[in-house]
Amino acid sequence: LVWSAAERELKDCASADERVGNDIERARADVERLKAELDAEKKIRRHKEECESLAKLANADRARRETQRELEEVNRKIEEVRAEEMKVKRVLELREKQFRLMLQSIFDLKESLEDEEDGGGSSKG
């Protein structure tokens, strides 16, 4: 009786040992499968990060082109202002010359009138 109980217990232990062994093998297989999935997911994440990085660079390049266009527009406006400045300077120089000429003419007329008054007064007197 004890012998048959011991045999049965031994069979149960062997069966349990086999189940545990099978469970361990399944767990190892699951771990290996999950490791492979993790590696694949890491690779996908790395690719996504690279794509995002490249997208940022591309967007920065677009902003650089826009900035370049704005810079060219500002430079064009600066040139227009410089051309207008030169035009105004020429007009100002012309007006200054005309003003000096007018003042000189006024001075000459005054001198002439004074000379006539001095000359005219001596003929009277």
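I take helices (H or I, at least four residues) and strands (E, at least two) as DSSP runs, numbered from the N terminus. I note that the model is predicted, that local features need pLDDT of at least 70 and side-chain atom pairs pLDDT 80 or more, while totals for chains, interfaces and linings use all residues. I number residues from 1 along each chain as its sequence is written, and side-chain values use heavy atoms, without hydrogens and water.

**Entry 1: overall form.** I found one helix and zero strands in the protein. The radius of gyration is 53 Å, well over the 14 Å that the globule rule gives for 125 residues, so the protein is more spread out than a compact globule. I took this radius over C-alpha atoms; the rule is 2.2 Å times the number of residues to the power 0.38. Along the principal axes, the C-alpha atoms fill a box of roughly 180 × 20 × 5 Å.

**Entry 2: burial.** I call a residue buried under 20% relative accessible area, exposed over 50% and partly exposed in between (1.4 Å probe, protein chains only). Buried residues make up 0% of the 125 residues.

**Entry 3: I106.** I located I106 in helix 1. Its relative accessible area is 47%, so I106 is partly exposed. With F99, M102 and L103, I106 makes a nonpolar surface patch of about 380 Å². Such patches hold residues with over 30% relative accessible area and no salt bridge, with nonpolar side chains (Val, Leu, Ile, Met, Phe, Trp, Tyr) joined within 5 Å and like charges within 9 Å. A salt bridge is a side-chain nitrogen of Lys or Arg within 4 Å of a carboxyl oxygen of Asp or Glu. Areas come from the Shrake-Rupley method with a 1.4 Å probe; for residues, only the protein chains shown count as cover.
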